[in-house]
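I opened my notebook to jot down what I looked up here.

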Amino acid sequence: MKRHMRTVAAVSGTALVLALSAACAPGAGAPAGGSTPSGEISTDVAAAGDVTLTVWDQEVRGGQNEQMEKLNKAFEEKYPNVTIDRNSQAFDDLNKTLRLALTGDDAPDVVQANNGRNTMGAFVKGGQLRALDDYAELYGWNDRFAPSVLQYSTYGDGAVEFGTGSVYGLPQVGEIVGVFYSKSRLAQLGVEVPKDWSAFEDALVKAHDAGQKPLVLGNIDKWPAIHVFGPIQGEHVDADTIRDLGLGNEGADWTTEDNVAAAQQLADWSSKGYFNDGPNGTDYDAAWQDFGKGQGLFLIGGSWLAADLEDAMGDDVGFFVPDTSAGTPATTGGTGLPFGITSAAENTDVAAAYIDFITSDEAMKILAETGNMPVNGTADLAPASGVQADVFTEFGRVTETGALLPYLDYATPTFSDTLGDALQGLIDGKLDAKAFVDALQADYAEFVSSNG
């Protein structure tokens with residue numbers, strides 16, 4: 001963060017010493033290893049004097065950019081002593097440039113860093129992001145955000161553990177994987193919207209027996225099947241185990257009977273012909289577009305497809321997350337990129353106030369108004385109707401009463417390829433359930449044994 005020149009030039013003698021002390025005051029950065037600075041921090045932004053806050057984000061699309069512009073303008077109006085210098089880049093560009101920027105002499109103050117070990121985890125390990133536990137207590141972030149949401153921006157000392165330890169950022173938006181369905185196709189089959197996993201499986205059987213394709217999947221890029229397997233695993237395996245496996249923390253095991261059962265269920269769906277022909281050779285976009293045109297009864301996919309499917313299907317498309325046999329929902333999901341404070345930031349009080357502002361309850365309303373799914377207050381801010389209303393409601397229900405499970409490819413630096421290859425093998429019958437979990441266990445075990 002850079003102060004305006006007139007702020008420093010106006011002080012001298014004792015005042016200059018005090019100003020420099022303030023610049024290095026508690027809250028001015030965090031040492032490597034995840035510890036937070038000791039001493040006083042403040043919510044008094046005006047006391048900082050004239051400050052330029054440099055913010056790097058990747059909110060470049062339509063409503064994403066609109067909400068940032070509105071919130072930045074509102075923050076500057078509330079705190080006229082602060083000028084926001086915003087650098088907005090596409091996701092891939094930000095990932096490429098941020099790593100270099102954080103090691104340079106002119107690092108930004110507030111950044112969006114991708115949650116996983118390769119990005120946020122690496123920055124935490126390198127001491128380039130500041131732990132925010134003191135500000136979380138000051139602003140009540142641990143009460144505002146569900147633990148299942150905060151886990152995605154939480155790391156232990158040295159970033160050895162993911163999902164526990166100190167919080168390093170706050171997200172604005174949420175994501176959730178669930179089941180899209182055609183209301184008219186479901187009605188023609190004489191089936192109600194499944195409320196739980198058992199009813200969902202019954203609907204798959206009934207659709208198949210009626211000559212319909214129960215599920216649509218485009219898995220040529222390998223990662224889409226992760227979103228199918230995740231909810232299946234949520235039915236068979238307890239949430240804590242899935243979190244340890246998905247976040248690459250030691251103490252779990254892929255080769256348990258529950259994980260084998262989850263793998264077997266996906267293999268059975270494929271062998272019984274529940275998917276469209278050749279899902280491993282079908283493009284992801286082509287698959288959901290075919291679903292929008294009338295193919296298949298269900299599409300397991302992420303909330304990011306809702307707007308496009310609504311454009312294609314109108315009121316005919318719905319979305320649900322079935323309860324598990326334990327009686328609560330558990331499904332794959334996550335958050336948008338969290339906003340964190342770099343260790344180079346000079347005035348972290350202002351940076352923390354900014355993050356608090358853009359993730360506040362009032363900010364959530366602006367996010368909803370601009371077509372984004374807010375990570376907090378989601379059900380209350382849901383649209384009155386349409387598939388987005390379903391998505392908002394289900395995200396709120398899962399985060400408040402169920403388990404939001406991590407994307408499994410977070411686990412290790414190589415797990416995305418390992419899991420993607422194994423899922424393709426499981427779907428096309430080249431791997432059985434035991435071989436599938438053995439392949440995953442080998443990657444997971446190697447990582448956790450070397451991660452320290």
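**Charges on the surface**

I started with charge: D221, D283, D285, D308 and D311 gather in a patch of negative charge on the surface. For patches, I took residues with over 30% relative accessible area and no salt bridge, joining like charges within 9 Å and nonpolar side chains (Val, Leu, Ile, Met, Phe, Trp, Tyr) within 5 Å. Asp and Glu count as negative, Lys and Arg as positive, while His and the chain ends are not counted. Each charge is placed at NZ of Lys, CZ of Arg, CG of Asp or CD of Glu. The accessible areas come from the Shrake-Rupley method with a 1.4 Å probe, and for residues only the protein chains shown count as cover.

I then looked up D285, which lies in helix 14 (residues 284-292). Helices (H or I, at least four residues) and strands (E, at least two) are DSSP runs, numbered from the N terminus. D285 counts as partly exposed because its relative accessibility is 37%. My cut-offs: buried is under 20% relative accessible area, exposed is over 50%, and partly exposed is in between (1.4 Å probe, protein chains only).

**What I am working with**

This is a predicted model, so local features need pLDDT of at least 70 and side-chain atom pairs count only at pLDDT 80 or more, while totals for chains, interfaces and linings use all residues. Residues are numbered from 1 along each chain as its sequence is written, and side-chain values use heavy atoms, with hydrogens and water left out.

**Salt bridges**

How many salt bridges does the structure hold? I noted ten, a salt bridge being a side-chain nitrogen of Lys or Arg within 4 Å of a carboxyl oxygen of Asp or Glu.

E66 pairs with K70, and their closest N and O atoms are 3.5 Å apart. The two sit about one helical turn from each other because they are four residues apart in helix 3 (residues 62-78). E66 is partly exposed at 35%, and K70 is partly exposed at 39%.

R144 bridges to D356, with the closest N and O atoms 2.6 Å apart. This pair links distant parts of the chain: R144 is in helix 7 (residues 141-144) and D356 in helix 16 (residues 348-358), 212 residues apart. D356 is buried, with 13% relative accessible area.

D277 bridges to K213, the closest N and O atoms being 3.6 Å apart. Here too, distant parts of the chain are linked: D277 is in the loop between helix 13 (257-271) and helix 14, K213 in the loop between helix 10 (197-209) and helix 11 (224-236), 64 residues apart. D277 is exposed at 65%, whereas K213 is partly exposed at 31%.

I also noted a network of salt bridges linking D323, E394 and R397.

**Helix 18**

E394 turned up again in helix 18, among its buried residues, which include F392, F395 and V398. Helix 18 (residues 387-401) has 15 residues and reaches 21 Å from first C-alpha to last, close to the 21 Å expected; the expected span is 1.5 Å times one less than the number of residues.

**Loops**

Most residues other than glycine have a negative phi. A159 has a positive phi, near 60 degrees, and I found A159 in the loop between strand 5 (154-155) and strand 6 (166-167). A159 is buried, at 6%. K222 also has a positive phi, near 75 degrees; K222 is in the loop between helix 10 and helix 11 and is partly exposed at 31%.
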